[in-house]
Amino acid sequence: MNCQSSKVILKKLQRIKNINKNTYNLVIDISKGATVVRPVYKVPNKKTVVNVLDEIIQVLNKLNLNFAVNNDAPRRGKIGTIITIKTFVKDGNNTTKKGAPY
């Protein structure tokens, strides 16, 4: 079973240069214990679709986090893309926040 501290994730994240703010926010959510994130979403009240899938995959690989990319949309559209984090994230007190089921 793979475990990482949220402090270690944040320190590694600070060393990575030129990260999109949307990707940065998703990694912050993961360090806080989120097990599922959506890298592709539509901005409310606009026709803009934010897609940071490729960048978040590169960042998660650099952070040595195990993950799986899935799609939960009925017709397999881009907006249905989800990333499930397989690595358990621990906070500073060594208590497990959340972990993805295997």
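Analyst: We can start with the overall make-up, then look at some elements and one residue. Keep in mind that this is a predicted model.

User: Fine. How many helices and strands does the protein have?

Analyst: Three helices and eight strands. Along the sequence, the pattern reads β-α-α-β-β-β-α-β-β-β-β.

User: And what share of the residues is buried?

Analyst: Of the 102 residues, 36% count as buried.

User: Let's pick a strand. How many residues of strand 6 are buried?

Analyst: Five of its five residues, 81–85. Thr81, Ile83 and Ile85 lie on one side, and Ile82 and Thr84 on the other. Both faces are covered.

User: Which way do strand 5 and strand 6 pair, parallel or antiparallel?

Analyst: Antiparallel, over five bridges. Strand 5 covers residues 67–71. Val69 stands opposite Ile83 of strand 6.

User: What about strand 2 and strand 6, how many bridges join them?

Analyst: Two bridges, and these strands also run antiparallel. Strand 2 spans residues 36–37. There, Val36 has Thr84 as its bridge partner in strand 6.

User: New topic: helix 2. Which residues are buried there?

Analyst: The helix runs over residues 21–31. Its buried residues are Asn22, Thr23, Leu26, Val27, Ile28, Ile30 and Ser31.

User: What happens at the start of helix 2?

Analyst: A side-chain oxygen of Asn20 comes to within 3.0 Å of the backbone nitrogen of Asn22.

User: And just after helix 2?

Analyst: Gly33 sits there with a positive phi of about 115 degrees.

User: Where is Tyr24?

Analyst: In helix 2.

User: Why does Tyr24 count as partly exposed?

Analyst: Its relative accessible area is 38%. Buried needs under 20% and exposed needs over 50%, so a value in between is partly exposed.

User: Which residues does Tyr24 touch, leaving out those up to four places away in sequence?

Analyst: Leu13 and Ile19.

User: And what separates the C-alpha atoms of Tyr24 and Gln14?

Analyst: A distance of 9.6 Å, with the two residues 10 apart along the chain.

User: Last one, on contacts with a separation of 6 or more. What share comes from residues 24 or more positions apart?

Analyst: They account for 54% of those contacts in the protein.

Terms used. Residues numbered from 1 in each chain as written. Predicted model: local features only at pLDDT ≥ 70, side-chain atom pairs only at ≥ 80, totals over all residues. Heavy atoms only, no water. Buried < 20%, exposed > 50% of the residue type's maximum accessible area, 1.4 Å probe, protein only. Helix = DSSP H or I, 4+ residues; strand = E, 2+ residues; numbered from the N terminus. Polar contact = N/O pair within 3.5 Å; in protein donor to acceptor, adjacent residues only side chain to side chain. Pairing = 2+ DSSP bridges. Contact = heavy atoms within 4.5 Å.
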